[in-house]
Amino acid sequence: MLRKLATLPSGRRGKWIVLALWVVLLVPSLLLAGKLGDVQENDNSAWLPGDAESTAVVERAERFMPTDTVPALVVYDRPGGVTDADLTKARADAEAFQGVEKVTGQPRGPVRSDDGEAIQTVVQIQKDRSGWDGISEVVDEMTGFGEADANGLGFHVTGPAGYAADSIKAFGGGGGLTAITAAVVVLILLLTYRSPVLPLLPLMTAGVALMASEAVIYLLAKNAGLVVNAQTSFILTVLVFGAATDYALLLTSRYREELRRHEDRHDAMAEALHRSAPAIIASAATVAVSLMLLMLATLNSTQGLGPACAVGILVGLLAMVTLMPALLVICGRWIFWPVRPAYGSTGPAKDGIWTRVGTAVSARPRVVWIGTALALGVMAIGAFGLKADGLSNKDQFTGKPQMAVGEEIKNRHFPAGSGDPVLVVTKAGAAGQVSAALSGVPGITAVAPPVVKGDEAMILGELADSPTGTTAMATVEKARTEVHGIDGADAQVGGNTAIMLDTREAAAHDSKLIIPIVLVVVFLILALLLRAIVAPLLLMATVVLSFAAAMGVSALVFEHVFGFAGTDANFPLLAFVFLVALGIDYNIFLVTRVREVALLEGTRRGALTGLSTTGGVITSAGLVLAGTFAAMASLPLVFAAELGFAVAFGVLLDTMVVRSVLVTALTLDADRWMWWPSALFGRRPTDRPPSEDRPDLEPALRGG
């Protein structure tokens, strides 16, 4: 069946049919992919699970205040102190702000700080379906008023609206990220293929796959309730380009070998697809299933990220086993210019660096794998210092945008929690008790009189600390403890700080739930693929150790090199899923080849031949994937830089050390026990040359 399917995109007429189908698909994909931003939900509250306390407060508070507004904290400052003329300008600006579309209600202020060095005005901005994009436009217009005729008066918009505006500008670098990612792919493919034309095919195919993926995700978000955000978009870009190009490398490498054995390029592609498709499909399935498990998360943002990225992987797989083969066959052998694989020619000698590595490892495999494992274990120690408690808003940028500067100024001259209070909703009859309890909570500096409507009341409490900091989150936890203890009050604590707290706790819960399930599912996939138990266990152990080492090094780099304050709460889970799924990818590519050779010549020969024949292409694939994730550092976001570094470093570590040294050494040491309890465990290698025993498998032993 697989051989028959392989002839479809490689056939003389089939290749044109496949190309035509993708061209037809491309037209609606272009239209729908451009609308993906219209369905993004970038607010923190939209990411929360429905059972979070802060989510319940949002619903209960609707009768007291508009839930579709976002506060913008406008801060003015002047070295040496603000003047009366500055205060007059701030009043004029406040009036001008009311004429800006989407600014709603009366501004609060301007108010001069007690030290006389700053002025603050609170403006409410209405959030409509345009989301953060609309808020950013309003902030830009307000900034135009504030900076006009300032005469040296500093102007900054901070608070939730300022964060939204700066975030959407940072995410707005998505087009630049795509260009950088594509450039990285082209550069690595040029070095790999040494052909100026060939890299265009996987790049074009990956681009088509990305657009088709975005179109499918848009339809799911619009019609099936899938939650996507700007973070989903940039992760999808690097994942599709990286993974799809990996599949292209494996297919093209096999195709080039088959062109030397088959005079007809259609036959060569059919054989290449037949040989390489099982490993490529198993690899993509492992990644897609691992990502789909993110749907078990309680955070809506994580729930949406999983299926969105799984769509990207599956569409990328489909493109690389249909469109890519069709394009290669249509182009013919000249696409490999200047080194075209002629029929009957011999491939490059297999005595390169990976052959030498295998020879060195084979001398003392047990010493090698124990030493390598210990070295990785030492690297993993740093993971205990990983600060995954979440980041304040100002710490989420690699630089200092307007919002971060404004927050620092506001915190120096005004109460840190002003403008972004804690919201408590309770039964009206218990409002007095709840208000008194809230007033006694350390970290709450002021409590407003309760506002009663019907049988419920809302109470606002001002925080002493920055609403986006961990200290403020601790204050919210104390407030919840106090008000929950009041009988019959049905009091709940919400607000932006509570949303961040609930997000952090949900992320921790998701990690504890999903990580073990991912390990079990990936193990089962490997067991089915390899028909063994020992090999999957050893492979899983190597990938987990590789992940721990990557996290250990990343934690040290984040703190001591980059100077970041910490990581997002969901960073460990996302890094784990990407690194484990992608790390298993390379092990699948290697071990399936080892098993293929071991069927004829035994496990020891299989380990050395597998490393030698797959080393170059897997290393190139690892470089591509690492390069695409490293491109995420082009976004001025701490989360993007951290996830990009961790995955890039982890992939390189897995490709260069874990797969080539640790897995090879373990395979050599375990020998036939790798395949227990399959039939291969009890099979003895034949003494005859492979061409006499199984001619159809000889190409595998020669790197085909």
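I will begin with how the model should be read, then turn to the overall fold, the aromatic rings, the charged pairs, the cysteines and one serine.

What you see is a predicted model, in which local features need pLDDT of at least 70 and side-chain atom pairs count only at pLDDT 80 or more, while totals for chains, interfaces and linings use all residues. Residues are numbered from 1 along each chain as its sequence is written, and side-chain values use heavy atoms, with hydrogens and water left out.

Let me start with the chain as a whole. Its secondary structure comes to 24 helices and 9 strands, where helices (H or I, at least four residues) and strands (E, at least two) are DSSP runs numbered from the N terminus. The radius of gyration is 29 Å, close to the 27 Å that the globule rule gives for 704 residues, so the chain is as compact as a globular protein of that length; the radius is taken over C-alpha atoms, and the rule is 2.2 Å times the number of residues to the power 0.38. Along the principal axes, the C-alpha atoms fill a box of roughly 95 × 50 × 50 Å. Of the 704 residues, 58% count as buried, and here buried means under 20% relative accessible area, exposed means over 50%, and partly exposed is in between, with a 1.4 Å probe and protein chains only. If we take contacts (heavy atoms within 4.5 Å) between residues at least 6 apart in sequence, 81% of them join residues at least 24 apart.

Now to the aromatic rings. A pair of aromatic rings is described by the distance of the centres and the angle of the planes. Rings of Phe, Tyr and Trp (its six-membered ring) pair if their centres lie within 6.5 Å, and planes under 30 degrees apart count as stacked, over 60 as edge-to-face, and the rest as tilted. How many aromatic pairs does a search of the whole structure find? The search finds 15. One of these is the tilted pair of Phe97 and Phe155, at 6.5 Å centre to centre with 55° between the planes. Phe97 lies in helix 5 (residues 84–97) and Phe155 in strand 4 (residues 154–158), so this pair ties together parts that are 58 residues apart in sequence. Phe97 and Phe155 are both buried.

The rings of Phe558 and Phe562 have centres 6.4 Å apart and planes at 25°, so this pair is stacked. Both residues lie in helix 19 (residues 534–562), 4 residues apart, which is about one turn of the helix. Phe558 counts as buried at 3% relative accessibility, whereas Phe562 is partly exposed at 36%. Ring pairs also link Phe558 and Phe562 into a cluster with Phe564, Phe571, Phe645 and Phe649.

Turning to charge, the structure holds 19 salt bridges, a salt bridge being a side-chain nitrogen of Lys or Arg within 4 Å of a carboxyl oxygen of Asp or Glu. Asp669 forms one with Arg366, with the closest N and O atoms 2.9 Å apart. This pair links distant parts of the chain, since Asp669 is in helix 21 (residues 638–670) and Arg366 in helix 14 (residues 365–380), 303 residues apart. Asp669 counts as partly exposed, at 25% relative accessibility.

Where the bridge between Glu257 and Arg260 is concerned, the closest N and O atoms are 3.7 Å apart. Glu257 is buried, with a relative accessible area of 9%, and Arg260 is buried as well, at 13%. Glu257 and Arg260 belong to a network of salt bridges that also links Glu258 and Arg261. The side chains of Glu408 and Lys400 meet in a salt bridge at 2.8 Å, N to O, with Glu408 partly exposed at 25% and Lys400 exposed at 56%.

For the cysteines, the structure holds 0 disulfides, a disulfide being a pair of cysteine sulfur atoms within 2.5 Å. Cys309 counts as buried at 0% relative accessibility, and Cys331 counts as buried at 19%.

I will finish with Ser546, which is found in helix 19 and counts as buried at 4% relative accessibility. Leaving aside its neighbours within four places in sequence, Ser546 is in contact with Gly650, Leu653, Asp654 and Val658.
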